[in-house]
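The sequence and structure come first, then the text.

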Amino acid sequence: MTGVPPRRSIIERSLSVTQRRWAFTLLAATATCSALVSAPVRAQTHRLDDGLARTPPMGWNTWNKFACNVSERLIRETADAIVSSGMRDAGYRYVVIDDCWQVYRDTSGTIVADPQRFPGGMKALADYIHSKGLLFGIYTDAGTATCQGRPGTHDHEEQDARTYAAWGVDYVKEDWCNARGLTAPAQYKKFHDALVATGRPIVLSICEWGSNRPWDWAAGTGHLWRTTDDISDNWASMLYNFDLSAIHQDVAGPGGWNDPDMLEVGNGGMTDGEYRAHLALWAIAAAPLIAGNDVRTMTAATRDILTNREVLAVDQDSLGAQGWLAEQSAPGLQVWTKPLKDGARAVALLNRTAAEAEMSVDWKAIDLPPGRATVRDLWAQADRGAFAGGYSARVASHAVVMFTVTPVRSH
Ligand code: GLA
């Protein structure tokens, strides 16, 4: 491979690195090369500094595969499978029950779990999950009712937070259905404060779908915040959510993460190559990695995708930078990059087109010096050698080639 000199426009060369990141991420979202939009200047909200979610949370959630069909048995069996499949040891820690576990409030206003589906109760279930070396998550809604019509937490914030803490909950996802008349920043802050008041460390996942500009305020309130509407199990939806989240690259970091929604890996709507791209892009985006498949019955291929240590290490890198679009050589042929703590770069060559393509990255485009750098392919888990200037690879349609680039230091 040889280094291909980058073709940069004058406008592009005159932009600062930060502005370039903005411009390119905006380009990704709008899929047009015709105009560069000047970078909006926005005040940075300080991210939470409570030691929780220093790297993007990883876990599993019921919604994408099971919707309302949740039960104690499903959760226990899944916890077992998360351990036996190696997912726990790869980093997936939070086992989260999404909507439909709750049925009503009792006379004292305490939220009640469905006694048919959860006969042992939530405390015992949390204990079981903890005994497996995992953490327990639950879902609620900031409004009067959840998206599926179950009791919401509005006007019961402190009471629900205390109930969850008593059960041993480690993570709460708070949705935004039936919240008319409420103000998102205030409502989520109220629930955050209620969680803090319990004294139990609990991750807060803000889920208002990007509808109240959470990138402007959520960082001081929650550990992750959805930037998009719900993902669907197909290539277009996955890319759509990824692109929308990429726009807000600058606000993410240790303690607070943009959330393009949970993973669909293994749910059957995409090819394994597309699922590899899905995980790779979420890793480049430093996105929370919340698996959403049936872990009990997943194929070896799905397991291998979800547990690829080198791809997961990109997501979990302690620098905590969200990656950005570095180059787009032709419509649909994109180079995404994420700086890593050790000075290396993760790179994903993303082929969004219907045909295989030869793709390349220039070291300059990923802010590295032009000299030699070693390339390690993360999906193949293979060293490719040292290359000066850049690197090329053939990338299948609807796929990524993902690698790290580590400059060779001269002594
Ligand atoms: C919303 C959320 C989803 C899921 C459902 C549950 O649509 O965005 O992630 O929690 O509600 O009803």
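A polar contact is a pair of N or O atoms within 3.5 Å; within protein, one must be able to donate a hydrogen and the other to accept it, and residues adjacent in sequence count only if both atoms are side-chain atoms. The model is predicted, so local features need pLDDT of at least 70 and side-chain atom pairs count only at pLDDT 80 or more, while totals for chains, interfaces and linings use all residues. Residues are numbered from 1 along each chain as its sequence is written, and side-chain values use heavy atoms, with hydrogens and water left out.

**Ligand site**

A polar side-chain atom of D98 lies 2.6 Å from an oxygen atom of the ligand. For D99, an N or O atom of the side chain is 2.8 Å from a ligand oxygen, and for D175 the separation from a ligand oxygen is 2.8 Å. The protein covers 94% of the 310 Å² of accessible area that the ligand has on its own (Shrake-Rupley method, 1.4 Å probe; for residues, only the protein chains shown count as cover).

The residues around the ligand, meaning those with a heavy atom within 4 Å of it, are W63, D98, D99, Y139, C147, Q148, K173, D175, C207, W209, R226 and D230. This shell divides into five nonpolar, one polar and six charged residues. Here Ala, Val, Leu, Ile, Met, Phe, Trp, Tyr, Cys and Pro count as nonpolar, Asp, Glu, Lys and Arg as charged, and the others, Gly among them, as polar.

**Cysteines**

A disulfide is a pair of cysteine sulfur atoms within 2.5 Å. C207 is in no disulfide; the nearest cysteine sulfur, that of C147, is 7.0 Å away.

| Disulfide | S-S distance |
|---|---|
| C68 and C100 | 1.7 Å |
| C147 and C177 | 2.0 Å |

Helices (H or I, at least four residues) and strands (E, at least two) are DSSP runs, numbered from the N terminus. C68 and C100 form a disulfide. C68 lies in the loop between α3 (63-66) and α4 (72-84) and C100 in the loop between β2 (94-97) and β3 (102-105), so the pair ties together parts that are 32 residues apart in sequence. The link of C147 and C177 is right-handed, with 95° about the S-S bond. C147 sits in the loop between β5 (135-141) and α7 (157-167), and C177 in the loop between β6 (171-175) and α8 (184-197), 30 residues apart.

Buried means under 20% relative accessible area, exposed over 50%, and partly exposed in between (1.4 Å probe, protein chains only). C68 is partly exposed at 26%, whereas C100 is buried at 1%. C147 is partly exposed at 31%, and C177 is buried at 17%.

**H154 and α7**

H154 is found in the loop between β5 and α7 and is partly exposed, at 22% relative accessibility. Leaving aside neighbours within four places in sequence, H154 is in contact (heavy atoms within 4.5 Å) with D141, A142, G143, T144, L182 and Q187.

Why is α7 largely enclosed by the rest of the structure? Eight of its eleven residues are buried, among them E157, Y164 and W167. The buried residues of α7 pack against β3, β4 (111-113), α6 (121-131), β5, β6 and α8. Just after α7, G168 takes a positive phi of about 95°.
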